[in-house]
Amino acid sequence: MLTVYSDRHTLHHAHAEPFGGTVVEPFECPQRAEYVLARLREVGLGPVNTPADHGLEPILRVHDAGYVQFLQTVWADWTAAGFSGQVTPSVWPGRTMPFRRPSSHIEARVGYHALCGETGIVEGTWEAAYWSAQAALTALDAVLAGDRAAFALCRPPGHHAPKDQYGGYCFLNNAAIAAQAALDRGAQRVAVLDVDFHHGNGTQEIFYDRSDVLFLSLHGTPDQAYPYFMGWEDETGSGDGAGFTANYPLPAGTPYSVWKQALEQALDRIRDYAPDLLVISLGLDTYEQDPISFFKLTAADYLDYGGLLAGLTLPTLFVMEGGYAVEDLGINTVNVLQGFET
Ligand code: Q9C
Ligand code: ZN
């Protein structure tokens, strides 16, 4: 299986993350991608290509132009205001203070585009996010050209980013950008199956009122897990998209035996939908040792569900999302891909 990877991901390296009342090293760190790359080379999964530049156009099919411009200029505006460190939101149009019109101060613009407060932006964040999206688009090229599957080793991840916001370590929604590009290049229907521990709120928002993308997500219940305000079972789509979103929230301590039952239900929905392409938002934070999550999957379980995904016999694009047990991230990620191939 082809992997697409850009070493420019290292340009995005937040310095700190607020966590539980203290400040810690960011969980979403450059070593994550290095561990995955090392493991897929170790097992000889296949070639590793650098992304081709597809430009801004496929990004702007998903994200608002004003948001993209914000990402391109936020570091310069932050430092021009005399700020340093990393871009950090400190104010929002909150529930009782609704957004009425844009303010031009950088603090207001950051608060407008930030979903939440844990995700730092540094000088190279835009460039890293841009090439992460290009990795997804380049892996898609291989699948559209006839490869059974391809793996986009994206970093930073993408599934928390809706059309005009960043957060949850995400800036550009790589999986959504690839799904939209597939539609723009002739696919009639695309299924996006999100197996990251966290609900794919960004992808859900982007496609919520559309029937040409079926979005399905297995995740920690919003009652107990980030992003908290989305991912309930009764969020099923709206308008033309009614019935084309499916959420499977699961409780703390969920073992593979239970997670797999939800996966089988999602796979049945995908079979009925008969998409031309399957995009997997591949997060490995379902792992029992993940430091910020609460499912109990083991390394062997990733091999097993990789095989179940292959059972759909669909052209499949894997897009890397989360996973923070860094030392085991390579093994777990590549287990899914190897399970798929055998
Ligand atoms: N105490 C991905 O896996 N945590 N993002 C917020 C919770 C954010 C995870 C603080 C977790 C984001 C791609
Ligand atoms: Zn996650």
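The model is predicted, with pLDDT of at least 70 needed for local features and 80 or more for side-chain atom pairs, while totals for chains, interfaces and linings use all residues. Residues are numbered from 1 along each chain as its sequence is written.

**Exercise 1.** Describe how α1 packs against α10.

Step 1. The axes of α1 (residues 31-42) and α10 (residues 326-341) cross at roughly 45 degrees and come within 8 Å. Helices are DSSP runs of H or I, at least four residues, numbered from the N terminus. Axes are lines fitted to C-alpha atoms over the stretch in contact, and angles run from 0 to 180 degrees between N-to-C directions.

Step 2. α1 is therefore oblique to α10; oblique covers what is left after under 35 degrees (roughly parallel), over 145 (roughly antiparallel) and 65 to 115 (roughly perpendicular).

Step 3. Residues are in contact if their C-beta atoms, placed from the backbone, lie within 7 Å. On α1 the contact includes Y35 and L40, and on α10 it includes L329 and I331.

**Exercise 2.** Describe how α3 packs against α4.

Step 1. α3 (residues 65-80) and α4 (residues 106-113) have axes 11 Å apart, at an angle of about 140 degrees.

Step 2. This angle makes α3 oblique to α4.

Step 3. Y67, F70, V74, D77 and W78 of α3 meet I106, R109, V110 and H113 of α4.

Note on methods: Chains are lettered from A and ligands numbered from 1 in the order in which they are written. Helices (H or I, at least four residues) and strands (E, at least two) are DSSP runs, numbered from the N terminus. Two residues are in contact if their C-beta atoms, placed from the backbone, lie within 7 Å.
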